[in-house]
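The following note sets out points for a colleague to follow alongside the coordinates. Please read each point with the model open.

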Amino acid sequence: MGLRRLAAAAFAVLALLVMAPAFGQTGLTSQQAAAVAAYDRALADFKSILAERRRQIDAKERLPNLPGQALYLARVAVISTYKDLTDAIPSRIGKPNKFEIPPAYFDAAIEPLIDEYAALFEIMEAPPAGAQKSPTPFKDVVDLAVAIARAKGLASHHAEIAGRISLGLFYAETNGKQNVRNARSNTYMGSFQTGPSEDRNGRKKWDKIKGDIAAIDPELSARDDKEEARARGTDHRFNHWTNVRDGLMNAHAEIFPEIPGIVKTLPDPIDQMKLFQLIQIVPTPTRSALKSGDLLNYRVSSPTVMKYLRNNSIFAFGQADRARTSASFREILAAMWLFNRKFEKAMAKYSEIKAR
């Protein structure tokens with residue numbers, strides 16, 4: 001019995017020696033230790049706000065104004081501090097993750113937390129009562145974009161590219177969910193997440209080309225008449241058809257004629273979608289870049305533009321990214337990796353629609 005106790009004691013000492021570096025973070029510089037502590041705090045805060053929102057929703061409590069904002073900021077902090085951590089300790093870069101986030105920015109072990117994050121947003125952004133959904137929401141996006149592009153003078157091949165790009169915008173804005181609200185904004189709503197002024201502007205522009213649309217595609221024009229009648233007296237942003245139509249007309253339709261040149265500069269369909277998403281995020285500099293004749297090397301340095309990019313998950317994560325004061329469009333497109341998965345889904349859905 002004495003030998004057994006001695007062996008057990010020796011094994012316990014050995015286990016402590018092996019585990020000591022993990023518990024004590026021995027060998028870390030002060031900068032590395034600070035990075036570890038910052039990530040641990042951010043992760044604890046993220047878990048806490050996730051748990052709080054889940055409790056409130058399950059208890060049917062009234063949620064605070066913009067209930068998704070705190071969740072969003074907590075998620076940004078987790079990704080940011082993890083990037084700072086892996087910059088300080090490269091060995092902490094782990095395996096790939098199902099969200100296709102670069103491993104230097106994200107620990108695959110916390111995938112379930114992001115699943116819960118998405119589930120909470122789906123609840124908080126559910127369409128309001130009375131929202132007018134479509135049985136063919138994805139096809140609607142493609143059909144409308146193709147018709148608009150043809151009315152803008154594009155040949156059929158390039159008009160189809162406009163349809164594919166627009167489907168990407170639908171996924172970028174709402175993950176392909178129609179008529180959703182916005183848990184981070186009281187302004188932007190619907191399938192294409194437009195504000196009231198954007199919706200009105202899009203309707204005015206549509207009215208100007210309605211006759212051309214009717215000549216090109218009478219069936220689509222007839223569908224539009226039915227949706228207009230259906231949406232009369234309501235917020236047009238919560239009719240899927242009219243919100244997509246007006247969202248496209250507001251800003252993107254005027255860029256459709258440039259698709260032939262865009263395709264030559266950006267042969268990758270996902271890059272094409274990214275560029276049109278930038279029309280949504282930073283329209284003025286994106287138009288200037290397109291007009292410059294050197295799209296990829298066109299550089300933006302306005303603090304306001306950089307702020308808008310960061311608010312849309314571009315150069316938003318980690319001290320090194322956030323310290324940037326300027327970027328070329330080549331760098332901006334590369335930094336839009338958080339959109340990749342959404343655009344891949346759009347590509348797959350587009351192929352499915354075309355196969356029918």
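1. Which backbone oxygen lies 2.7 Å from a polar atom of the side chain of T86? The backbone oxygen belongs to A104. A polar contact is taken here as a pair of N or O atoms within 3.5 Å; within protein, one atom must be able to donate a hydrogen and the other to accept it, and residues adjacent in sequence count only if both atoms are side-chain atoms.

2. This is a predicted model, in which local features need pLDDT of at least 70 and side-chain atom pairs count only at pLDDT 80 or more, while totals for chains, interfaces and linings use all residues. Residues are numbered from 1 along each chain as its sequence is written, and side-chain values use heavy atoms, with hydrogens and water left out.

3. The protein has 16 helices and two strands; helices (H or I, at least four residues) and strands (E, at least two) are DSSP runs numbered from the N terminus. The C-alpha trace spans about 95 × 50 × 40 Å along its principal axes. Of the 356 residues, 47% count as buried, where buried means under 20% relative accessible area, exposed over 50%, and partly exposed in between (1.4 Å probe, protein chains only). Among contacts (heavy atoms within 4.5 Å) between residues at least 6 apart in sequence, 69% join residues at least 24 apart.

4. T86 is placed in helix α3 (residues 67–88) and is buried, with a relative accessible area of 3%. Beyond its neighbours within four places in sequence, T86 is in contact with R92, I93 and A104. A104 itself lies in the loop between α3 and α4 (111–124) and counts as buried at 19% relative accessibility. Not counting residues up to four places away in sequence, A104 touches Y82, K83, T86 and I93. From A104 to S91 the C-alpha separation is 9.8 Å, with the two residues 13 apart in sequence.

5. Helices α5 (residues 137–151) and α9 (residues 240–252) have axes that come within 10 Å and cross at roughly 35°. Axes are lines fitted to C-alpha atoms, for helices over the stretch in contact, and angles run from 0 to 180 degrees between N-to-C directions. The contact joins P137, D140, V141, L144, A145 and I148 of α5 to H240, W241, V244, R245, L248 and M249 of α9. Its residues divide into nine nonpolar, one polar and two charged; Ala, Val, Leu, Ile, Met, Phe, Trp, Tyr, Cys and Pro count as nonpolar, Asp, Glu, Lys and Arg as charged, and the others, Gly among them, as polar.

6. Helices α11 and α16 (residues 340–355) pack at an angle of about 115°, with axes 10 Å apart. P269, I270, M273, K274 and Q277 of α11 meet N340, F343, E344, A346 and M347 of α16. This contact comprises six nonpolar, two polar and two charged residues.

7. In helix α12 (residues 283–292), the buried residues are P285, T286, A289 and L290. These residues lie on the same side of α12 because they cover an arc of only 140° around the axis, the arc being that of the directions from the helix axis to the C-beta atoms. The face turned away from the buried side carries the exposed residues T284 and K291. Among the elements covering the buried residues are α10 (259–265), α11 (269–281) and β1 (299–300). G293 follows α12 and has a positive phi, near 85°.
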